[in-house]
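Q: I have just opened this one and have not looked at it before. Could you walk me through it?

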Amino acid sequence: MKTLSKLLVAGLVLAGGVAFAEGEAADPTVKARQELMKTIGMNTKTLGDMAGGKAAFDAAAAEAAKAAIIAASSEIAAKFEPQATDPATEAKPEIWTNWDDFVSKGAALKTAAEALDATSLDTVKAGMAGVGGACKACHTAYRL
Ligand code: HEC
């Protein structure tokens, strides 16, 4: 019995370690904004893989990824407005002291995604510069 409970404790510690390694936040507000970023990340990867030749160009998939980025970027301000924190967050506190700038960087991503023409490989390649630049501008300033 004693051994069993020791094993259980060890198992829990291991499970906790895995959760930490994956950066899983427990706070629901933090989790929601990280999920939003994951959605943006996955859809950007879809476009990036096509632009980089890792995936075949697919106009319908490109259009869907573009639409998903536009929709998600429209939610950045609402999802980040409550200043929630969590040991697993990568959000810098400067977000809330420079709130207007943060919001405008979120809007810049939306504008860049709207400007991306998803109808051909060449235009996706061209549009990715703007989209990637918008991620980088905000992450450099506001992500740990
Ligand atoms: C307006 C600012 C802003 C823009 C624009 C932005 N991000 Fe982020 N992103 C953040 C912040 C802040 C975090 C950290 C959130 C946290 O951990 O609480 C983050 C986190 C992430 C994460 C990690 C999510 C996780 O699992 O914890 C990914 C992936 C990501 N962003 C991808 C992107 C991509 C791709 C783009 C551009 C297409 C982009 N982001 C544009 C601010 C932004």
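A: What follows goes from the fold to the ligand site and then to the aromatic rings.

Q: Okay, what kind of model is it, and how many helices and strands does the protein chain have?

A: This is a predicted model, and its protein chain has 7 helices and 0 strands. Read along the sequence, the pattern is accordingly α-α-α-α-α-α-α.

Q: And what share of the residues counts as buried?

A: The protein chain has 144 residues, of which 29% count as buried.

Q: Let's go to the ligand. Which residues come nearest to it?

A: There are 23 residues around the ligand, and the ones that come nearest are Met37, Thr89, Cys135, Cys138 and His139. The space that the ligand takes up is the largest pocket.

Q: Which helices supply at least two residues of that shell?

A: Three helices each do so, namely α2, which spans residues 28–51, α6, which spans 99–115, and α7, which spans 121–142. The largest share comes from α2, with 7 residues of the shell.

Q: How does the shell split by class?

A: Counted by class, the shell around the ligand consists of 12 nonpolar, 6 polar and 5 charged residues.

Q: Which side chains have polar atoms facing oxygen or nitrogen atoms of the ligand, and at what distance?

A: Gln34 has a polar side-chain atom 2.8 Å from an oxygen atom of the ligand, and for Thr89 the distance between a side-chain N or O atom and a ligand oxygen is 2.6 Å. With His139 the ligand atom is a nitrogen, and a polar atom of the His139 side chain lies 2.8 Å from it.

Q: Tell me more about Thr89. Where is it found, and is it buried or exposed?

A: Thr89 is found in the loop between α4 and α5, the latter being residues 94–97. Its relative accessible area is 12%, and because buried means under 20%, Thr89 counts as buried. Besides the ligand oxygen at 2.6 Å, the side chain of Thr89 also reaches the backbone nitrogen of Ala91, at 3.1 Å.

Q: And His139, where does that one lie?

A: His139 lies in helix α7, and with a relative accessible area of 30% it is partly exposed. Its C-alpha atom is separated by 9.7 Å from that of Lys105, which is 34 residues away along the chain.

Q: What about Cys138?

A: Cys138 also has its place in helix α7, but at 14% relative accessibility Cys138 counts as buried. Going from C-alpha to C-alpha, Cys138 and Gly106 are 7.6 Å apart in space, although 32 residues separate them in sequence.

Q: Switching topic: how many aromatic pairs does the structure hold?

A: The structure holds 3 aromatic pairs. In one of them, the rings of Phe80 and Phe102 have centres 5.1 Å apart and planes at 55°, so this pair is tilted. It links distant parts of the chain, since Phe80 is in helix α4, residues 76–80, while Phe102 is in helix α6, 22 residues apart. Both of these residues, Phe80 and Phe102, are buried.

Q: Which pair does Phe102 form with Tyr142, a stacked or an edge-to-face one?

A: Phe102 and Tyr142 form an edge-to-face pair, with 5.5 Å from centre to centre and 80° between the planes. Phe102 lies in helix α6 and Tyr142 in helix α7, so the pair ties together parts that are 40 residues apart in sequence.

Q: How accessible are Phe102 and Tyr142?

A: Phe102 is buried, with a relative accessible area of 3%, and Tyr142, at 5% relative accessibility, counts as buried as well.

Q: Which residues form the aromatic cluster?

A: Phe80, Trp99, Phe102 and Tyr142 form one aromatic cluster.

Q: Last one: where is Ala32, and what is its accessibility?

A: Ala32 has its place in helix α2, the helix that gives the shell around the ligand its largest share. With a relative accessible area of 26%, Ala32 is partly exposed. The C-alpha atoms of Ala32 and Lys79 are separated by 7.0 Å, while along the chain these two residues are 47 residues apart.

Terms used: Residues numbered from 1 in each chain as written. Predicted model: local features only at pLDDT ≥ 70, side-chain atom pairs only at ≥ 80, totals over all residues. Heavy atoms only, no water. Near = heavy atom within 4 Å. Polar contact = N/O pair within 3.5 Å; in protein donor to acceptor, adjacent residues only side chain to side chain. 1 Å grid on protein atoms, 1.4 Å probe; cavity = no way out; pocket = protein on both sides within 12 Å on 5 of 7 lines; lining within 4 Å. Sits in = over half its atoms within 2 Å of the grid points. Helix = DSSP H or I, 4+ residues; strand = E, 2+ residues; numbered from the N terminus. Nonpolar A, V, L, I, M, F, W, Y, C, P; charged D, E, K, R; others polar. Phe/Tyr/Trp six-rings, centres within 6.5 Å; stacked < 30°, edge-to-face > 60°. Buried < 20%, exposed > 50% of the residue type's maximum accessible area, 1.4 Å probe, protein only.
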